[in-house]
Structure formats: structure tokens, C-alpha cells
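Welcome, and please have your viewer ready. We will go from one selection to the next and look at what is there.

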Amino acid sequence: MMQTTAATASETADDIAAREFLAFTLGKEEYGIHILKVQELRGYEEPTRIANAPDFIKGVVNLRGIIVPIVDMRIKFNLGTPTYDQFTVVIILNINGRVVGMVVDSVSDVITLSPDQVKPAPEMGTALNTDYLIGLGTVDQRMLILVDIDKLMSSAEMGLIENIAR
């Protein structure tokens with residue numbers, strides 16, 4: 001019994017740091033990713049296209065000497081044709097030591113969620129495979145689809161990023 005209590009106490013300390021999510025929009029939906037994965041936010045600039053890359057990989061940009069692949073999440077999740085305007089943001093992520101850019105419609109804020117505000121994602125035919133979901137976060141009248149960005153960006157279909165960025 002004591003071991004369980006000790007494990008729970010240490011998990012709680014780790015969870016506190018991991019309970020902050022960057023909220024962003026894609027279409028009409030609001031999503032969240034762990035703030036600890038975010039390196040920086042940038043305005044959208046047209047990336048250099050890479051031949052034979054999937055449509056959702058817009059290309060690469062040079063970020064202070066690092067070649068960063070740019071993934072358009074609207075295309076990735078089949079959410080219609082993206083439009084790029086002054087609200088379009090590129091979230092620069094650090095995923096397992098790799099730098100990747102993620103294009104989203106807009107970024108709203110950073111939200112801290114307590115464990116009881118995160119519910120498991122229901123199994124349904126969403127554009128986003130539920131394997132990549134942490135769950136659904138609720139704050140007042142808002143609902144955030146919480147994405148496990150590590151799993152999503154390192155999935156087999158996205159593994160292409162690893163090859164392009166080299």
C-alpha cells in the first residue's frame with residue numbers, strides 16, 4: 001500500500017508541470033498540446049517545398065541554422081483547404097530532440113487543467129486517430145481536444161519528417 005502512495009505522490013509532482021496546455025484552433029475545434037513541447041511561436045512564412053513529400057508537409061524553413069520541417073495540421077486532419085492570414089501561427093515543437101513546425105489557424109492561450117478536468121476521449125470516427133489523444137479537457141464552457149504531440153509526430157506516417165529533416 002505504501003508503494004502505491006509514494007508512486008502517486010511522485011506522479012502528482014510530475015503532473016503539475018505537465019498540466020499546462022497551449023490552446024490552438026483548427027477550423028472550429030480547439031486543441032491543446034503540452035506547453036513543455038513548445039519551443040516558440042512564429043508567424044507563418046511560406047516554406048521551401050520538398051519534392052515527393054506528402055501534402056501535409058508544407059516544406060522546410062531555416063530557423064537560425066536549423067532546417068525545420070513544417071506540418072500543416074488542417075491538411076493532416078482533412079479539415080478543409082487551409083488559408084494563411086495574419087492569425088496563422090507556426091508552433092515550433094521540440095519532439096524527442098527534433099525540431100518540427102506545426103501550422104495552426106490560431107493560438108489562444110495557455111490553460112492549466114487539473115486531472116479531474118481531463119476526460120478520456122470517446123472512441124469515434126474523428127479526423128484525429130484516438131491513439132494520439134490524451135483526452136478532452138474542459139474549462140468552463142470550453143472543450144479542448146488534448147493531443148499527444150509526441151505520439152502523433154513520431155507515428156509511422158509522420159516518420160517521413162525524420163527523413164526530410166536530415
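This is a predicted model: local features need pLDDT of at least 70, side-chain atom pairs count only at pLDDT 80 or more; totals for chains, interfaces and linings use all residues.

Residues are numbered from 1 along each chain as its sequence is written, and side-chain values use heavy atoms, with hydrogens and water left out.

Start with the rings. A search of the whole structure gives 3 aromatic pairs (rings of Phe, Tyr and Trp, the last by its six-membered ring, with centres within 6.5 Å; planes under 30 degrees apart are stacked, over 60 edge-to-face, the rest tilted). Select Tyr 44 and Tyr 84: this pair is stacked, at 4.2 Å centre to centre with 5° between the planes. Tyr 44 is in the loop between strands S3 (38–43) and S4 (57–63), and Tyr 84 in the loop between helix H2 (73–76) and strand S6 (89–95), so the pair ties together parts 40 residues apart in sequence. (Helices, H or I of at least four residues, and strands, E of at least two, are DSSP runs numbered from the N terminus.)

Next, select Phe 24, Tyr 31 and Phe 77, which ring pairs link into a cluster.

Now show strands S1 (residues 20–26) and S2 (residues 29–34), which pair antiparallel over 6 bridges (pairing takes at least two DSSP bridges). Leu 26 stands opposite Glu 29 in S2. The two strands make a hairpin with 2 residues between them, and Gly 27 in the turn has a positive phi of about 65°.

Finish at Lys 76, whose charged end sits over the ring of Phe 56, 5.2 Å from its centre (NZ of Lys or CZ of Arg within 6 Å of the ring centre and within 35 degrees of the ring normal).
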